[in-house]
Amino acid sequence: MAILEAKDLRKIYGSGENEVRALDGVSVSVDEGEFVAVVGTSGSGKSTLLNMIGGLDRPTSGSVIIRGKELLKIKDEELTVFRRRNIGFVFQNYNLLPVLNVYENIVYPIEIDGGRADTEFVRKIIHILGLEKKLRNMPDTLSGGQQQRVAIARALATKPAIILADEPTGNLDSKTGMDVILLMQSVSRQFHQTTVMITHNEEIAQMADRIIRIEDGKVVSGGEHFAR
Amino acid sequence: MHANRNRKAMHRVEKGMMKANRTRNIFAVFAIILTTFMITTVFSLGINYMENMELMQVRTAGTGADISLALPTSEQEKQIRSLDYVKTIGTQYMVGSVAEENDEGRKLAIALMYYDTTEWEDHFLRAVSNVNGSFPASENEIMLSEDALEQLGISDPAINMEIPLSYYDKNGSQERTFALSGWFHSYTGSGMGFVSEDYCRNAGYTMQEDGVLSLSLNKMPDDFWRIQEDVPLNEGQSFQGTVSMSSSNGSVIATVIFLVLFIIGSGYLLIYNVLYISISKDTRFYGLMKTIGTTQRQIRSLVKRQALRFACIGIPAGIALATAVSFGIVPLFLQQGFESGKSVMDAEVFFHPSIYILSVVFSAVTVWIACNAPAKKAAKVSPVEALRYHNFASLKRKSRNSTNGGKLYVMAFHNVFRDRKRAVLVFLSLFMGITVILGVNGVVGSIKGENYVRTYTDYDFQYIDTQFTQYEQDTKEIPQFDEQFVEQISQIDGIKEITLQKAVWSEIAFDEDVLNDFMHIAYEDSSYLSHGESYETMVNQLKSYAETGNYGCYVTTLDESVIEKYNNTHSQPIDMEAFLRGDLAIAGKDTEHNAPNAALVGKTLTLTADSADGRTADFLIGGAFTFDDYDPRADVGRRMNIEIVPQVLCVSEAGMERLTRTAITYNIGIDVEDYSQLEEIDGKLKDINRTLTTSDWEYISPVSILEEFDQMFYSLNLLGNGAALLLIVLGLANFFNVMLTGVIARKYEFAVMESIGTTKKQIRKIVTWEGGIYALISTLLILTFGNAFLLLVADAVPHIADYARFEYPVSLVVCLIAAIFVICLSVPSLVYRAASGETVIERLHSFEN
């Protein structure tokens, strides 16, 4: 069953001669529990696609439906709330909040939603990601790999419909990067967590269940299974 | 080594940075303008204050000379002229005085003098204004002060106008018609007339018999002590200091230095904040520059060159603004509010190049030290760190044992203190800014006219029966104020207290045994001794007064507060109970050199009141007053000018009852509840005054004193209040700056928070909480350390002027704290709203690229 459906997404910057089509009629669908990699060269539009799916940016036209909810019809403030409840983000540069320690960063999305963390679940994530001994640390004191693991834990903590990871290994050395991807793959399977990951690293992409290739704002291969 | 040919490239980068940071540039230049303006204003204020004070002293003294020596011998004159520390030596002759009376039969008080050219030009002209005509050149010419002209009834003087005068000179009574050679406005309040050198020569005036040497010395008061050692004086001769010996300039200089340091501190923090935040924001940029090979030195100079550009615009603009205010706007106000030249404190705005030199130097130093630390910080950015750098400032701590950091208010708290050094600087700048405002306002407020009135008047309003203040009162006193009059006054709204003092003339039984010590001491300083008359002659004369019933003095009632004050300051207290019972009388008044009244203490005087129901009663003299103990505005005079008698005897109400029940109310003191009502009450009192049919009374109102005071200190108040107002702007601008930059610099962080689901409303709540914490902590600092500082100011205030009285600026503190809360609670949220217009991803990208 598709948990994410993006139909005919277009994102056009500028006009006339300066017009740039970042996304040009992209349609994708992701089933629940799938671990999907979106691959493309720099400037191909893969990050733009991720931002549209995550509700961080609005497309010029098209629609994004997550768990049956059409994102473009939601107002900004409501979209933010939808995001924190349904989408987990893992950024290339981790984007942890510097004033919070590791534990507080992980449970932050739950706390700002006014909810209480599912302690058992959070503890499980922390255990899987090997963060037990770093919970009191401030983000600045962690290595890149550790910070990215915290970011993954934060993304998982709210049990989102989908995790969107934008070049999660981009700032890491290849070994650490591979460790992180293995962890993501492992939690994805363990918790039946839908994950869409952007990468330009073929080796890493190969670890996903499916690969969508994008070039010049269009899905060019691996997408026939999803394209309508 | 390759030659370094990258100057052009650095210039291009600098240009680009200036273009890219327009808002920051505006803030930085604004901060420098404000700082320079403040510094210039304070210097201008300080220098003008000193100049005006000096001018006031010179005008009040009537001369710019420092000291004078009357009737110098030729030996002394020669000696003085040879002293190297004597700057100028002027000569004065006391020629005589005008012997005319006015229409009311009062003697005119016009002294006739001669000044030589040095005295006139170097010493006297500084002390006067509106000089018309010239100093008399021929024997029949005279120059008069405006006071003298007024006394003579001349309202429209003209050069060469004929002035017939009867006067005394050293050769006796004279009559002559002078030609008016000129006139001037003097500030001493006494009439002056000048005659020519020819007149003095022909009349036989000499330095030894009639002259005064008037000297200005190099260094006061040191040279004043020196000359007393260097020039031996004859008996009765002394060097008189004409200008106040104690220099009040010391405290002004200290105040100016203190204010300038504080402004430099505030300005430093303001400029530092702008640059620091800008550099924090540009950390990635600096890191990148280093990555591509820019040296630390080049980055330092890049930051400093930007600061230099700000200074090149900000400092001249600040000075221009201060100049416009000092020389444009202030005189404009002064013209409207000041009747030029008629008061001691003229509203002169002095031009001093030193003001500008000092201002430029201090402002430049402020900018230099403010940009130094941020420049170093930029230079030290590590390229690797910088590429990872996204945050406004990283937390210094390694770990924290908490689980509630995600709560909005906890996050806000952590945000405020995430960089402790910065937090301390911010709080310091906010606190200092506000404290300086309070301090300056406190000082300015302390020297207001109301305090002058409070210090120099016994009561807010006063009525004095002038019959009791005469040097000699020929007739028996007639009551001036009846009970109905007092009742009418008490009906006026806003009057707190009415104090009545009563008096009756009483004969003192002339008992030689009782008065012996008193008379002996009094004789030593009497005209009897100076005229060569013996003690016995004096006693005989006093006896003859006693025989005709004229040996006595005024007996007045006295408020017990005076006795309380006396008992607090003297080792031998007056028996208050006995005084209140009416058994005691206090004799007055002694001087430091001559204290005959003290010899009466412990003795009993028999008094008989001169009134319809006058009785005789014995009074034990329980104490003796000096002028310091009791110095009322309505100083009691004498009925007959008998020199050797207590000037006044003070008793309690009960004591007065023992003498008479019909004592005359001679002094009515009125205190008001609120000084803002002074003018209203003044009007009502004046209405009541019209109902009085008597005429030997004087009404003293603080309204005219206040007007005079306001006129005297108009320029100072204007400049002081202006400076205080600017400090408020500076302080609140600082708060605004901190709140604004605090949000703008964390734009990226907020975008991250939004990306993971924090709503804009929640972020607004966080920044509002942060503002609240800033406001709260600043308020706490103001109320603790700020108040401690105000206590120090309160302590220092009496050194500025003896009437200065510090009042805690309650309303200002409340208003400032309210303003701080309004700014801190509203600005962050508004700025965030304005800064978060772009989409989350646009904001994230703007930092990543």
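Is Y94(A) buried or exposed, given its C-beta neighbours inside 10 Å? In this predicted model, Y94(A) counts as buried, because it has 25 C-beta neighbours inside 10 Å and a residue is buried if 20 or more other C-beta atoms lie within that distance. Y94(A) lies in the loop between β6 and α3 of chain A. Its phi is near 65 degrees, a positive value in a residue other than glycine.

A positive phi near 50 degrees is also found in R67(A), again a residue other than glycine. R67(A) sits in the loop that runs between β4 and β5 of chain A. R67(A) is partly exposed, because 14 other C-beta atoms lie within 10 Å of its own, and a residue counts as exposed if that number is 12 or fewer and as buried if it is 20 or more. Most residues other than glycine have a negative phi, and most peptide bonds are trans. In chain B, the peptide bond from G588(B) to K589(B) is cis, with omega near -10 degrees. K589(B) belongs to strand β14 of chain B, which covers residues 584–590.

The sheets of chain A are described next. An open sheet of 4 strands has the order β2-β1-β4-β5 in chain A, and its pairing is antiparallel. Its edge strands, each pairing on one side only, are β2 (20–31) and β5 (69–70) of chain A. Within this sheet, strand β1 (residues 2–13) and strand β4 (residues 61–66) of chain A are joined in the antiparallel sense over 5 bridges, and K7(A) stands opposite S63(A) in β4(A). Helix α1 (residues 46–53) of chain A packs on the sheet and touches β1, β2 and β4 of chain A. The direction of this helix makes about 120 degrees with that of β1(A).

Another open sheet of chain A has 6 strands in the order β6-β7-β8-β3-β9-β10, with mixed pairing. The edges are formed by β6 (87–90) and β10 (218–221) of chain A, each of which pairs on one side only. From one strand to the next, the twist averages 25 degrees. β6(A) pairs with strand β7 (residues 162–166) of chain A in the parallel sense, over 4 bridges. In this pair, I87(A) stands opposite I162(A) in β7(A). Helix α5 (residues 144–157) of chain A packs on this sheet, where it touches β6 and β7 of chain A; its direction makes about 175 degrees with that of β6(A).

Between the chains, 28 residues of chain A are in contact with 32 residues of chain B. On the side of chain A that touches chain B, α2 (76–86) and α3 (102–111) of chain A each supply at least two residues. The largest share of that side, 6 residues, comes from α3(A).

Leaving aside neighbours within four places in sequence, the contacts of I32(B) include I271(B), F310(B), I315(B) and V367(B).

Notes:
Residues numbered from 1 in each chain as written. Chains lettered and ligands numbered in written order. Predicted model: local features only at pLDDT ≥ 70, side-chain atom pairs only at ≥ 80, totals over all residues. Pairing = 2+ DSSP bridges. Axes fitted to C-alpha atoms, helices over the stretch in contact; angles between N-to-C directions. Contact = placed C-beta atoms within 7 Å.
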